[in-house]
2 protein chains.
Amino acid sequence: MSYEFDHLRTALRKARVRLGLSQRELSEISGVQQAQISKFENGAVDLRLSSLVALFRSLELELELVPRTCLPAVQSIIRTTLPKSTISRKLSARGKIAVDHVMQGLTQLDQTAKQVQYLQELIRFFERIRIPADQTKNYTRWVKYLERLHAMPIDAEKFEALLKRTEALRNQIERSQSPRNQSLSEKPAYSLDEEDGHV
Amino acid sequence: MSYEFDHLRTALRKARVRLGLSQRELSEISGVQQAQISKFENGAVDLRLSSLVALFRSLELELELVPRTCLPAVQSIIRTTLPKSTISRKLSARGKIAVDHVMQGLTQLDQTAKQVQYLQELIRFFERIRIPADQTKNYTRWVKYLERLHAMPIDAEKFEALLKRTEALRNQIERSQSPRNQSLSEKPAYSLDEEDGHV
DNA sequence: GTCATTGATATAGTATTGTATGTCAAAAAA
DNA sequence: TTTTTTGACATACAATACTATATCAATGAC
């Protein structure tokens, strides 16, 4: 039943997953029904151009017409450019919004200012660096955790959990990117016993 | 009523015209109704992906997904590559088919073999060189003339006309491309009085 | 274990495209 | 001038996407 645009179908799924978006979330962003997204990804529907464009635009992708003569050149550009971008602006923006929300909620909390400051410091780390591709999933999970947190009142216990989890993510990301910076950083790569939880 | 894909709409028309195809011809090649093509080019319809792909494939264009980050690079490639392609393979192929048909018809003609041979020689010229962009329209007209010719029996009179017309096209193309080869060719560019009809 | 999330389906009604034809005025070719 | 080609448009019917909503099994979070 699938037509000759399998590459668009699979590209949609890949891009969506890469951004850590569920079909329902993409549906909200793009305005295309979740059922339609599911069908399209499985080649069970022949979407209209407007739906397609809405979907891809939401994923920072543009539908472009390429003369067959320069297809290889274009595909090569896309291939070499894509892997460099570690995490999408979209997801980063989403993360920032979540962080803002949670931080606002924290003002009504009677934690010591020092602990809140430490949390901010941890979070600032995510903004300073680029989240490596293999850590996207973890980062996404953390963002969704923040979004869930925001929906409920934050007490001391939840704050503690948030701090721990954020610390864990920071460490994981640091460990993940250290092999690449090995020659540039004085941090040795053999600190494998750093499981998680401490700086 | 138009959505946010005006560039695709206009690109379709441009590509179609560049190949010298009418809406009806493109309709036959692609399998998409002429009415649909007209509506799409005027932004009055939200085509389905299958129709779009069929149309663009027929025009040697591929619908490609480009990350917004490398859009400028891709567009630059397309812009610099496109003008180089003088005439499409599609139109060339169409020309070859038309030539073959007419040549087959000529075997039943009592022209001197010498005249037929001269015609073949003229035609071989079109296959050897690349038709310059500004001669596409003339070439297209000639192809359509051949296609019309094929539908009717060719007598001596028609053969004469064919020969004249083909000669004229050859001369026009030669004149058109001469400025580019000026330094390479010994033929002077100032032979402006060569109106048409003779070698 | 419990609860929420996720992706795949389903159903029913609506809106639009797609198909098959045909018409028409303007432009181009003969 | 006469004929053909071209693009826009019309109409009726069939096919299918779109909308809104819901269900369900599998997975994952807590």
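**Entry: the axis.** I started at the rotation axis and asked which residue of chain B comes closest to it. It is Arg48(B), with its C-alpha 2.1 Å from the axis. I note here that the model is a predicted one.

Next I looked up how chain B is laid on chain A. A turn of 178 degrees and a shift of 0.1 Å along the axis do it, with an RMSD of 0.2 Å. The two copies are thus related as by a two-fold rotation axis.

I then checked the interface. Of the interface residues of chain B, 100% are also interface residues in chain A, so the copies meet through the same surface.

**Entry: helices 2 and 3 of chain B.** I looked at how helix 2 (residues 23-30) and helix 3 (residues 34-41) of chain B pack. Their angle is about 115 degrees, and their axes are 8 Å apart. Helix 2 of chain B passes helix 3 of chain B in a right-handed crossing. On the side of helix 2 of chain B, the contact is made by Gln23(B), Arg24(B), Leu26(B) and Ser27(B). Helix 3 of chain B brings Gln34(B), Ile37(B), Ser38(B) and Glu41(B). I sorted this contact by class: two residues are nonpolar, four polar and two charged.

**Entry: DNA strand D.** How many residues surround DNA strand D? I find 22. The closest are Gln36(A), Ser51(A) and Arg148(A) from chain A, with Gln23(B) and Arg24(B) from chain B. By class, the residues of this surface near DNA strand D divide into four nonpolar, eight polar and 10 charged.

Of the DNA strand D atoms within 4 Å of the protein, 67% belong to sugar or phosphate and the rest to bases.

Then I went through single contacts. A polar side-chain atom of Arg13(B) lies 2.8 Å from a phosphate oxygen of DNA strand D. Arg48(A) uses a backbone N or O atom, 3.2 Å from a phosphate oxygen of DNA strand D. Gln34(B) goes to a base: a polar side-chain atom lies 3.2 Å from a base nitrogen of DNA strand D. The elements that give two or more residues to this surface are helix 8 (136-150) of chain A together with helix 1 (6-18), helix 2 and helix 3 of chain B.

**Entry: DNA strand C.** I repeated the search here. There are 21 residues around DNA strand C, and Arg24(A), Gln36(B), Leu47(B), Arg141(B) and Arg148(B) come nearest. Of the DNA strand C atoms within 4 Å of the protein, 65% belong to sugar or phosphate, the rest to bases.

A backbone N or O atom of Gln23(A) is 2.7 Å from a phosphate oxygen of DNA strand C. In the side chain of Ser51(B), an N or O atom is 2.7 Å from a phosphate oxygen of DNA strand C. Which atom of DNA strand C does the side chain of Gln34(A) approach? It is a base nitrogen, 3.1 Å from a polar side-chain atom of Gln34(A).

The largest share of the surface near DNA strand C, three residues, comes from helix 3 of chain A. The residues of that surface divide into three nonpolar, eight polar and 10 charged.

Conventions: Residues numbered from 1 in each chain as written. Chains lettered and ligands numbered in written order. Predicted model: local features only at pLDDT ≥ 70, side-chain atom pairs only at ≥ 80, totals over all residues. Heavy atoms only, no water. Axes fitted to C-alpha atoms, helices over the stretch in contact; angles between N-to-C directions. Helix = DSSP H or I, 4+ residues; strand = E, 2+ residues; numbered from the N terminus. Left-handed = near helix turned anticlockwise from the far one by under 90°. Contact = heavy atoms within 4.5 Å. Nonpolar A, V, L, I, M, F, W, Y, C, P; charged D, E, K, R; others polar. Least-squares fit on C-alpha atoms with pLDDT ≥ 70 in both. Near = heavy atom within 4 Å. Polar contact = N/O pair within 3.5 Å; in protein donor to acceptor, adjacent residues only side chain to side chain.
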